Amino acid sequence: MAGLFTRIRKQGDPPENGEATPPPVAPIAASDLARRVELLDSLEETGVGWFWASDAEGRMIYLSPAALEPFAMRSDEFAGRTITQVFEEERREEGTSQGGRPLKFLLAARNSFGATPVRVKLGRGDAWWEIAGKPRFGKDGSFHGYRGTARDITGTHEERRKQERASQYDSLTGLANRYRMSRQLEQMLKAFAHAKRSCALMMLDLDRFKQVNDTLGHPAGDELLKQVAARIRGVFGDRVEIGRLGGDEFQAILPDLDDRGQLGDIAQELIQMASQPYSINGSRAVIGVSIGIAVAPYDGIAPEELTKAADLALYAAKGGGRGQHRFYSRELRDQASFRHQIEQDLRDALHGEQLRMHYQPIVDAGTHEVACMEALMRWEHPDRGMISPADFIPVAEEVGLIRQMGTWALNEVCRAVTTWPGTVKAAVNVSAVQFAADDFVDVVRGALKRSGVDPARIELEITESVFMGDVERSARVFAALKKLGVRLSLDDFGTGYSSLSYLRDAPFDKIKIDQSFVRGCAGKDSNNLAIVAAVVSLAGALRMETVAEGVETKDELEAVTKQGATHLQGILFSRAVPSEEALRRFEAGELHYAPRGPEKYRAERRTEFRRIGLIHGDHRYNVFLRNLSKTGAKIEGLLGVEVGTEVVLDLGGGQLAVAVVRRSEGSSQGVEFETPLISDGAEGLCTRHRVSPYQIELAGKPLQALGDDPYAALMSMQNRTPKAFMEVQLG
Ligand code: C2E
Ligand code: CA
Ligand code: CA
């Protein structure tokens, strides 16, 4: 086959003398054009390397014919295409450090370039080559096009790409993996801070995934994750980088989105989509998703800062009852540090005798005589005062202190009971973590023995969450406890994953109907009443006692009594009192508790009473927020505000809401927002937009996430004009 070089020789050189064969062993001199051309021709034919050439306009004028063979394309079909049409450079990912400028630019600048991987798409073929090229210039400096080499790297390249993919993508779902997400986030945040763009980070965590995984098996869990991933992708489309960080945790990076209204809508759509039932190998599964959202630069500038913010928001969303979204706010951070503080101090509480037991009576529904005292733990913190068990028990469970605390509680209560009248039992709350511990039965046995109390006077209150664990083990523990002679009581019934089969299979002596059902059950056509009625009759059929928890009013008392609850508990009879107070009463022989309290339950009218800022003119006034709705607010604390005045409410955290005064009466005003507020995912409201850290940066401050008072950082009030309103003190 005659190649380019043979042709060049034929055109450019004087015809050779056919007879004069050169000596075969003589070395090839640089000037020996003919033999050098021959060498190149044979190289070309081996396929180890090919040659290509272009003209001054960038059109291909040559490509080794052997190179064209796999594409089933003839040279004449190929001629006339431009270099960039034939060689398509691999799309580089932002920031991948292959270095150098794109091929396009090098060609346009007529620079030489070294080994560059390109994709070659010709005819029906598709291959990866590595090409190099050098520009050629005439004596006058005019450009003559490129001359270059090429070789096929399809095999190794594909392999490399596959490996790269594997290292950056999750093989199960095809989404980006944790490594890729953190790299993307880092690059994006860096670039965006420069360009003053915003970027939202969403953390998603599936609710109840573990149960599906445990009950249907791991392959089913994997299948579920795949389906979830597909649904998430369906909501976001391609514009958003989505990743699975591991387990059932997903993440999405949303560029140029800082409108919390839109973000909330997206989150709600995700929650909706994810909570539709899944069909997995013929089984049906239902899960949910919780979402935490943080937005750069408002909530964080650096990747770690933003990620931590989104994590905190996710944590709050989970804690808020799952199936919710939550935006990061500084209060969340404060709560987190409060928790951290509790965590730190909890050890001291155990050893420094800061824990106490208070006792609340559970009375017989017929006689109102005390039948049992529920032990409720109290923590007298040396600096913070009383801390609620609702705050510290979950922390104790998480940091592993609950077992020690539970052991203390059991011993303390068993000891106390021995000082009470024989008819009075005691109930001890048992955390699911405690219940799951291997030595739980031994701990109970130990406490009984040490105190010498009659086991039948001790009731263990257990919540439905214990059924989420190992069912067979639970059954064994229940049996062992019954053998010890203690009583078992199912606490907070109706709030967990209630299943009536628990009741049938587990040996409970008592069901405690959660106070959320008792609350307001006296109202007309109350659903709660129907639930109370159903639980009472079920328990009756199973020969269990029923306690109505949290009875606060006389009408609730009447309603639950009428439904046949056997026992009652609530502040209508007594709050939890210190053990000495309980003992004093018993020693005086007072076992009867008379109901004392309001006739009717009144839904508390939640009036907000929080200090906020009102900005008008050059001034910022302190006012009280009395009431807040999506469209407006009621404020108090200013005199002389006329209807129609435009003001800005500073709701904190950089949330500024433009509003117009619609009503004004003395020191209180009703204002209407220009743009309605949106839900913060929980019960609260927030503004769509906030003061941007970029704005604060423009005002000469360093770029950082929103601080305690973003507005103050933005404005240095100069007070040029006199105040328009008078601030009044509220009593
Ligand atoms: P719980 O077991 O459901 O306890 C009942 C809670 O309702 C107690 O809150 C009690 O003070 C409160 N309560 C009683 N009557 C009324 C009423 O009429 N109205 C209202 N609104 N509330 C009423 P407390 O003492 O704050 O305890 C909260 C939770 O902390 C308990 O809920 C229990 O789950 C946990 N806890 C308390 N002590 C212990 C303990 O020693 N060990 C464990 N593991 N958990 C405990
Ligand atoms: Ca309880
Ligand atoms: Ca309860």
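Reader: How far apart are the calcium ion (ligand 2) and the calcium ion (ligand 3), and which residue coordinates both?

Author: Keep in mind that this is a predicted model, where local features need pLDDT of at least 70, side-chain atom pairs count only at pLDDT 80 or more, and totals for chains, interfaces and linings use all residues. Residues are numbered from 1 along each chain as its sequence is written, chains are lettered from A and ligands numbered from 1 in the order in which they are written, and side-chain values use heavy atoms, with hydrogens and water left out. The two calcium ions sit 3.8 Å apart, and the residue that coordinates both is Asp491.

Reader: Is Asp491 buried or exposed?

Author: The labels go like this: buried is under 20% relative accessible area, exposed is over 50%, and partly exposed is in between (1.4 Å probe, protein chains only). Asp491 has a relative accessible area of 5%, so the word for Asp491 is buried.

Reader: Which residues coordinate the calcium ion (ligand 2)?

Author: Donors here are N, O and S atoms within 2.8 Å of the metal (3.2 Å for Na, K and Ca), and since water is not among the atoms, sites may look incomplete. Along the chain, the donors of this ion follow the spacing E-x54-N-x31-E-x29-D. At 2.1 to 2.3 Å, they are Glu374 (OE), Asn429 (OD1), Glu461 (OE) and Asp491 (OD).

Reader: Where do Asn429 and Glu461 lie, and how many residues apart are they?

Author: Strands (E, at least two residues) and helices (H or I, at least four) are DSSP runs, numbered from the N terminus. Asn429 is in strand β17 (residues 425–430) and Glu461 in strand β18 (residues 458–463), so this pair links distant parts of the chain, 32 residues apart.

Reader: Are Asn429 and Glu461 buried or partly exposed?

Author: Asn429 has 28% relative accessibility, so Asn429 counts as partly exposed. Glu461 has a relative accessible area of 1%, so Glu461 is buried.

Reader: Now for ligand 1. How far is a polar side-chain atom of Asp491 from an oxygen atom of ligand 1?

Author: We're talking about a polar contact, a pair of N or O atoms within 3.5 Å; within protein, one must be able to donate a hydrogen and the other to accept it, and residues adjacent in sequence count only if both atoms are side-chain atoms. Glu549 has such an atom 3.4 Å from an oxygen atom of ligand 1, and for Asp492 the distance is 3.1 Å. For Asp491, it is 3.0 Å.

Reader: How much of ligand 1 does the protein bury?

Author: Accessible areas come from the Shrake-Rupley method with a 1.4 Å probe; for residues, only the protein chains shown count as cover. Taken alone, ligand 1 exposes 800 Å², and the share that the protein buries is 78%.

Reader: How many salt bridges are in the whole structure?

Author: A salt bridge is a side-chain nitrogen of Lys or Arg within 4 Å of a carboxyl oxygen of Asp or Glu. One of them joins Arg197 and Asp256, with the closest N and O atoms 2.8 Å apart. The search of the whole structure finds 36.

Reader: Lys318 and Asp205 meet in a salt bridge too. Which parts does the pair tie together?

Author: The N to O distance is 2.8 Å. Lys318 lies in helix α12 (residues 303–319) and Asp205 in strand β7, so the parts tied together, 113 residues apart in sequence, are α12 and β7.
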